[in-house]
Amino acid sequence: MAKSKTIVLIHGNFVNNASWTDWKHYYEQKGYRVYTPANPGHEGNPAELRAKVHPNLDKTGFIDVVNNVNELINTLPEKPLIIGHSMAGMATLKLVELGKAAAGVSIDGAPPKNVFPPFQTLKTVLPAFGFFSFKKYFMGSRKWYDYAFFNTTPDTEKAKAFEKFAVPESYKVSRELVLNSFSNIDFKKPHEPILFISGASDHIFPTSLTKTIAGRYKDANSRVNVKIFEGKSHFICGEPGWEKVADSVLDWYEKL
């Protein structure tokens, strides 16, 4: 079949669309039209967002993230290949369920509400829910990012990665993911092809969770694939060797 030449890259929590800059250029050089929307409240330069938090950040929830991308897709001439990282891996699954994608890719993706996460996940991301905080938003410390994102990044590069990508995050996104029924996935429903990618050294969403989510899909005529990258962390899309991950997505997609 004729493949869509349009790609939408959705960023996850704790970073913004600056995290997709290299992927956007890389895919454009391969002939694709690529869109990298910022989630609501995440527009701008990461360093400036840390210095002055977006005034609407705390109003942003998971439903807003999905609706924002859905509105973009409605303006496109064809359904795109949707690629989402982390929280946006789950947003990708939702958009596939809604019939908005030619295919979907969840990279180190968050689980839907109806898949319970392991203790490892809860331990790492609990601060991002803000249940015990008086602050209006979450801003991870260098130590938190080094553990949660940059655990396989060379020590000499961790500070640079934080400066380049780290942004404040809305508590409402995480809360809606685990508390709102919108965040359930209908695993019995027929769907377009989905690829799950996991970094085997991910401290937020371990490979076991990725395999569990993929294994919940039940329609025999709908394609689900899983690819594991050894030695990769939650920062799989930004750490050295990201091109191999990007290539694996296109290799899978172009062979559908």
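Biologist: What makes the model predicted, and how are its residues numbered?

Modeller: This is a predicted model in which local features need pLDDT of at least 70 and side-chain atom pairs count only at pLDDT 80 or more, while totals for chains, interfaces and linings use all residues. Residues are numbered from 1 along each chain as its sequence is written, and side-chain values use heavy atoms, with hydrogens and water left out.

Biologist: How do you know whether the radius of gyration of the protein chain agrees with a compact globule?

Modeller: The radius is taken over C-alpha atoms, and the globule rule is 2.2 Å times the number of residues to the power 0.38. For 256 residues a compact globule would have a value near 18 Å, and the protein chain has 17 Å, so the two agree.

Biologist: What share of the protein chain is called buried?

Modeller: Buried means under 20% relative accessible area, with a 1.4 Å probe and protein chains only, and 55% of the 256 residues count as buried.

Biologist: Which residues touch the most other members of the largest nonpolar core?

Modeller: A nonpolar core is a set of buried Ala, Val, Leu, Ile, Met, Phe, Trp, Tyr and Cys residues joined through side-chain atoms within 4.5 Å. The largest has 49 residues, of which Phe62, Leu93, Tyr145 and Phe149 touch the most other members. Its largest share, seven residues, comes from H4.

Biologist: What does Phe149 touch?

Modeller: Contact means heavy atoms within 4.5 Å, and, not counting residues up to four places away in sequence, Phe149 touches several residues, including Asn13, Trp144 and Phe235.

Conventions
Buried < 20%, exposed > 50% of the residue type's maximum accessible area, 1.4 Å probe, protein only. Helix = DSSP H or I, 4+ residues; strand = E, 2+ residues; numbered from the N terminus.
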